[in-house]
Every structure is written in C-alpha cells, then in structure tokens.
Amino acid sequence: MATDRMIAHVVGVEDLTVIRNLETAFEEETKTSTSYKAYAARADEEGFPGLASLFRATALAEQIHAGNHARVLRHMGGTPAIDAPKLRIDGTLENLKTALVDQKFEVDYLYPAFLTTAVPLFDSTAIRSFHWALEADKSHVRLYEDVIARVQTGGTPGWEYEKHAFFVCGLCGYAAEHPEGENCPGCNYLWEKFEAIM
C-alpha cells in the first residue's frame, strides 16, 4: 500500500492505474499461454493434431501479448510478475470452450476497459500494447468459434483431425488459418514475417 502511494506520487495516479492494468494484462496473458500449451498436449494425446496446432499458435500469441505488456510495464516503472498458475485441463472439446470464454472475456471486457483508461492519458505505448492484444484476440475468437461450431454440429471433419499450420504475427499475436494479405490486419506488420506453427 505504501509502495502504491510512493509510485503514485512519482508517476501520477492515472499512470498508476495504467501500470496496474498492464500488470493484470501481463498476468492474464501469461496464465493463458501456459494453459493453451497444456491444452495442446492434451489435444495431441486425444488425436486432434490440428487442434493442438491451434492451441500452440494461440499460446504463442498470448506469450507475444505478455511480452509486449512487460516491455511497456518496465518502461513505465512497473515490474512484470506472476504466481505459478493452477491449471485445469479437461478434454480437448471442453478446453476449446474454455479458451473461447477466455478470449471473449479479453475482447469484450478486459482490453476495452484498459483502453478506456489509457486513451485519455495519450499513453501511446500502453494503447498500442492493449490495442494489438485486442485485435489479435478477435482473431483467436474467430478461430475458436469456427472450429467449435463445426465440431458441435458434426459437420464435415476439417483440419482439427490432421496436422495443420497456423500463422502468428510476431509483433501483435494475430493468428490465422491461412495467409490473409500482405500485412497483418492487427498491426500492419508484413505477412512474410508471420511464423507458421504446427
């Protein structure tokens, strides 16, 4: 508590809120990345190599978000830290639904709220980090929704049952099933710089 008051005196109360939001975002993204890596291992065990690739791709994306938040946090005088997450690993289809809920929470609530705090301060580094994570998480929601809908309706089996590459932007974490253009829709990074994840 005294440390919070001391930091607030040095950086200002508004900046302290952005620092706390960055700490929360860093922690959430790190925990999510760890969970998705475990989900990938479970999907491989259960014979869903394509879903394992999707989980690995989104795990990398969440790790990229955490790294972006950590850089901004250090720049603002904060310290990225996290407790070891307690993982709950279910079957692959349940893990897909959990991942979708996680990503929708970040898209619908977490990042819009954090942007609302950062924008009035004109803190471009925090705004960029939050915005990139938000846009990338929208791509994750689309991927999860598409595969869940196909699996639940018993549609024609797709990539979930075979090895499949996903493409992840190394700058913002945007993920896609196929190349979508010359530049990343989330941050305008060159598509040729995307990493293919199997």
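**Residues and overall form**

Me: Is D83 buried or exposed?
Reply: D83 counts as exposed, at 61% relative accessibility. Buried means under 20% relative accessible area, exposed over 50% and partly exposed in between, with a 1.4 Å probe and protein chains only.

Me: What sort of model is this, and how are residues numbered?
Reply: This is a predicted model, in which local features need pLDDT of at least 70 and side-chain atom pairs count only at pLDDT 80 or more, while totals for chains, interfaces and linings use all residues. Residues are numbered from 1 along each chain as its sequence is written, and side-chain values use heavy atoms, with hydrogens and water left out.

Me: Back to D83, where is it found?
Reply: D83 sits in the loop between α3 and α4. Its C-alpha atom is 9.9 Å from that of T30, a residue 53 positions away along the chain.

Me: Which elements does the chain have, and in what order?
Reply: The chain has five helices and three strands. Read from the N terminus, the order is α-α-α-α-α-β-β-β. Helices (H or I, at least four residues) and strands (E, at least two) are DSSP runs, numbered from the N terminus.

Me: How compact is it, and why do you say so?
Reply: The chain is as compact as a globular protein of that length, because its radius of gyration is 18 Å, close to the 16 Å that the globule rule gives for 198 residues. The radius is taken over C-alpha atoms, and the rule is 2.2 Å times the number of residues to the power 0.38. The C-alpha atoms fill a box of roughly 60 × 40 × 25 Å along the principal axes.

Me: What fraction of the residues is buried?
Reply: Buried residues are 45% of the 198 residues in the chain. Of the contacts with a separation of 6 or more, 70% are between residues 24 or more positions apart; contact means heavy atoms within 4.5 Å.

Me: Let us turn to H69. Where is it, and is it buried or exposed?
Reply: H69 belongs to helix α3 (residues 49-75) and is buried, with a relative accessible area of 0%. Its side chain is joined to that of S129 by a polar contact of 2.6 Å. A polar contact is a pair of N or O atoms within 3.5 Å; within protein, one must be able to donate a hydrogen and the other to accept it, and residues adjacent in sequence count only if both atoms are side-chain atoms.

Me: Which residues is H69 in contact with, beyond its sequence neighbours?
Reply: Leaving aside neighbours within four places in sequence, the contacts of H69 include L22, F26, E29, Y111 and F130.

Me: What about T32 and E106? Where do they lie?
Reply: T32 is part of helix α2, and E106 is part of helix α4 (residues 92-118). T32 counts as buried at 7% relative accessibility, and E106 likewise counts as buried, at 1%.

Me: What does T32 touch?
Reply: Not counting residues up to four places away in sequence, T32 touches E62, Q103 and E106. The T32 side chain also reaches the backbone oxygen of E28 at 2.8 Å.

Me: Now E135. What does it touch?
Reply: E135, in helix α5 (residues 124-152), touches Y174 and G186, not counting residues up to four places away in sequence. A polar contact of 3.1 Å links the side chains of E135 and K138.
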